[in-house]
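Student: I would like to learn how to read a structure like this one. Please go through it feature by feature.

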Amino acid sequence: MTRHSPPPPTMGCSDAPVLKERGQHEVFCGLTGIIWLHRKMQDAFFLVVGSRTCAHLLQSAAGVMIFAEPRFGTAILEESDLAGLADAQDELEREVDRLLARRTDIRQLFLVGSCPSEVIKLDLSRAAERLSARHGPKVRVLNYSGSGIETTFTEGEDACLAAMVPALPATDQRQLMMVGALPDVAEDQALDLLGRIGIDNITVLPARHADARVGVGPNTSFALTQPFLGGTHSALERRGARHIPAPFPLGEEGTTAWLRAVARDFGIDQARVDAVIDAPRARARKAVAKAADSLAGKTVFFFPDSQMEIPLARFLTRECGMEAVEVGTPYIHKALVAPDLELLAEGPVISEGQDVEKQLDRCRTARPDLTVCGLGLANPLESEGMTTKWAIELVFTPVHFYEQAGDLAGLFSRPLHRRDRLKLEAA
Ligand code: SF4
């Protein structure tokens, strides 16, 4: 079994030139985030104010999940609404009143804007204010936009969390806020590690239940768990909270650096941190090494999709021995990804934005062993004999922190194994 020791930190790709692309995008819109957000916030309801297309997108993204009481839905704007012939604003508010009368379990309601609601300039913030006044304090009504011709599918979560920040109560308490909607299993592990390191006042945004007391203020330090939370980062800073810059907790190295950065912020010495993390670190290294055997020496090409590309490239190159050819990402928020960029060795093309045809040409020329991309590109590339990984799986699967590090590497090695098996069967 090969162990891939990461090279010592350099300034890596911090100052690498960025290829800025402003052409056609191939992305899902931010409504997709509802699929994992509604699982996380167990007493929230997401009401998309959109068209039948939006309803279909949600249904197909949700797959075949059947709920006795679903926690998302679509208020369909009919042609008369779109033509301005009906008062969509009043109708929406009546619809919400009916929903809340029927569903007494709902404690937070998100009105989610879409392309059609924005085209007719439906004022969802005014609707949310009026509905909050009517149904509060039991139900908090907020709004955000999930629309997306120019957005990426992870921006829905960012917009949702950013919308929650202004409504958080103020606090002067010294506390850590962990920000990002992680699967419960990964979140619980992080909270356990942070607690054992000595951080005892921790809140999580988004909380699982509306009545969890999540406050924010000048003595709040926050650590992001996802690199696509640029809007939430700004909203928290506007409330006086301080960001703890760190590589994202993906893989053994990222998790260790993230935990150490948080501990430093709270004045906890590294020896105490290391005593807690030694055993899980060793387990993570072992698990990653197992999956990394089939990744070492292979090339990887990222199309811009989830905004997780830079931390993932750091993980795959430094812990799994892969070589990144191109790392494409929709946006580069330096305030968020600078620590990961520093660790990413110079070499790959770093591209921001997308011009899909040009990028497809670069990918076809490079013929990478593995291409990480959205669903829309995966099938055509597979039919050309390329091996692909759908980026969207990374937000549905627990991949953060030590105990998931091996699974994270496995998500990338599995498509290569599948391709090898297909070749064997065809031979
Ligand atoms: Fe609805 Fe716009 Fe998303 Fe299409 S891109 S599903 S119209 S919000």
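Predicted model: local features only at pLDDT ≥ 70, side-chain atom pairs only at ≥ 80, totals over all residues.

Tutor: Residues are numbered from 1 along each chain as its sequence is written.

Student: Which residues surround the ligand?

Tutor: A residue is near a molecule if its C-beta atom, placed from the backbone, lies within 6 Å of it. Here the ligand is surrounded by Cys 29, Leu 31, Gly 50, Ser 51, Thr 53, Cys 54, Leu 57, Ser 114, Cys 115, Gly 146, Ser 147 and Gly 148. Helix H2 (residues 52–62) gives the most to this shell, with three residues. Helices are DSSP runs (H or I, at least four residues), numbered from the N terminus.

Student: How many residues of each class are in the shell around the ligand?

Tutor: Ala, Val, Leu, Ile, Met, Phe, Trp, Tyr, Cys and Pro count as nonpolar, Asp, Glu, Lys and Arg as charged, and the others, Gly among them, as polar. The shell has five nonpolar, seven polar and no charged residues.

Student: Why is helix H12 described as largely enclosed?

Tutor: A residue is buried if 20 or more other C-beta atoms lie within 10 Å of its own, exposed if 12 or fewer, and partly exposed in between. In H12 (residues 309–318) ten of the ten residues are buried, so the helix is largely enclosed by the rest of the structure. Among them are the charged-class residues Glu 309, Arg 314 and Arg 318.

Student: What can be said of the core?

Tutor: A nonpolar core is a set of buried Ala, Val, Leu, Ile, Met, Phe, Trp, Tyr and Cys residues joined through C-beta atoms within 7 Å. The largest one has 126 residues, of which Phe 46, Leu 47, Val 49, Phe 110, Leu 111, Val 112 and Leu 316 touch the most other members. Its largest share, eight residues, comes from helix H11 (residues 270–292).

Student: Is Thr 255 buried or exposed?

Tutor: Thr 255, in helix H10 (residues 251–265), is buried, with 27 other C-beta atoms within 10 Å. Contact requires C-beta atoms, placed from the backbone, within 7 Å. Leaving aside neighbours within four places in sequence, Thr 255 is in contact with Pro 249, Ala 284, Phe 401, Tyr 402 and Ala 405. The C-alpha atoms of Thr 255 and Met 308, 53 residues apart along the chain, are separated by 15 Å.

Note on methods: Helix = DSSP H or I, 4+ residues; strand = E, 2+ residues; numbered from the N terminus. Contact = placed C-beta atoms within 7 Å.
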